[in-house]
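Hello,

Here is the structure I promised to pass on. Please open it first, then read my notes below.

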Amino acid sequence: MKVLDLRQNDTKCGSNSPALSIMRFWLSEGGNQEIEIIALKGLQADQVEMWAEAMKEKGVKILSKSDEGDKIVYKVYLP
């Protein structure tokens with residue numbers, strides 16, 4: 001399973017935001033696969049969840065969410 005680690009990314013809006021990082025990853029790696037996304041608790045995790053909710057119509061699904069101390073690990077299906 002491919003992993004996208006967002007912990008080093010900017011937590012604000014902009015070109016390095018979690019939502020844009022996920023979109024770039026999806027475009028570069030392709031869909032029809034499950035991936036793991038690692039995000040810091042708080043704003044990054046909120047942005048991952050908002051992005052997944054916004055992309056639900058496209059078939060994106062959060063399959064699982066695991067709280068691991070200072071980070072949240074998501075398993076996400078990208079169509």
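**What I found**

Asp 46 has its place in helix α2. This is a predicted model, so to speak of local features a pLDDT of at least 70 is needed, side-chain atom pairs count only at pLDDT 80 or more, and totals for chains, interfaces and linings use all residues. Residues are numbered from 1 along each chain as its sequence is written, and side-chain values use heavy atoms, with hydrogens and water left out. Helices (H or I, at least four residues) and strands (E, at least two) are DSSP runs, numbered from the N terminus.

Asp 46 is partly exposed, at a relative accessible area of 43%. The cut-offs are these: buried is under 20% relative accessible area, exposed is over 50%, and partly exposed is in between (1.4 Å probe, protein chains only). From Asp 46 to Glu 29, 17 residues apart along the chain, the C-alpha separation is 23 Å.

Is Gln 44 buried or exposed? Gln 44 is buried, because its relative accessible area is 1%. Its side chain reaches the backbone nitrogen of Leu 40 at 2.8 Å. That is a polar contact: a pair of N or O atoms within 3.5 Å. Within protein, one atom must be able to donate a hydrogen and the other to accept it, and residues adjacent in sequence count only if both atoms are side-chain atoms.

Leu 40 belongs to strand β2. Leu 40 counts as partly exposed because its relative accessibility is 26%. Leaving out residues up to four places away in sequence, Leu 40 touches Arg 7, Ala 45, Asp 70 and Lys 71. Contact here means heavy atoms within 4.5 Å.

Gln 8 is 32 residues from Leu 40 in sequence, but 9.1 Å from Leu 40 in space, C-alpha to C-alpha. Gln 8 lies in the loop between β1 (2-5) and α1. Gln 8 is exposed, with 73% relative accessible area.

**How the two helices meet**

Two packed helices are described by the angle between their axes and the distance between the axes. Here the axes of α1 (residues 18-29) and α2 come within 8 Å and cross at roughly 55°. Axes are lines fitted to C-alpha atoms, for helices over the stretch in contact, and angles run from 0 to 180 degrees between N-to-C directions. α1 and α2 are therefore oblique to each other. Under 35 degrees counts as roughly parallel, over 145 as roughly antiparallel, 65 to 115 as roughly perpendicular, and the rest as oblique.

Which residues of α1 meet α2? They are Pro 18, Ala 19, Ile 22, Met 23 and Trp 26, and they meet Gln 44, Gln 47, Val 48 and Trp 51 in α2. By class, this contact has seven nonpolar, two polar and no charged residues. Ala, Val, Leu, Ile, Met, Phe, Trp, Tyr, Cys and Pro count as nonpolar, Asp, Glu, Lys and Arg as charged, and the others, Gly among them, as polar.

Ser 21 is in helix α1. Ser 21 is buried, at 8% relative accessibility. Beyond four places in sequence, Ser 21 touches Leu 4, Leu 6, Asn 9 and Asn 16.

Val 60 lies in the loop between α2 and β3 (61-68). Val 60 is buried too, at 3% relative accessibility. Its contacts, not counting residues up to four places away in sequence, include Trp 26, Trp 51 and Tyr 77.

Asn 32 is in the loop between α1 and β2 (33-40). Asn 32 is exposed, at 61%. Its phi is near 55°, a positive value in a residue other than glycine. Most residues other than glycine have a negative phi.
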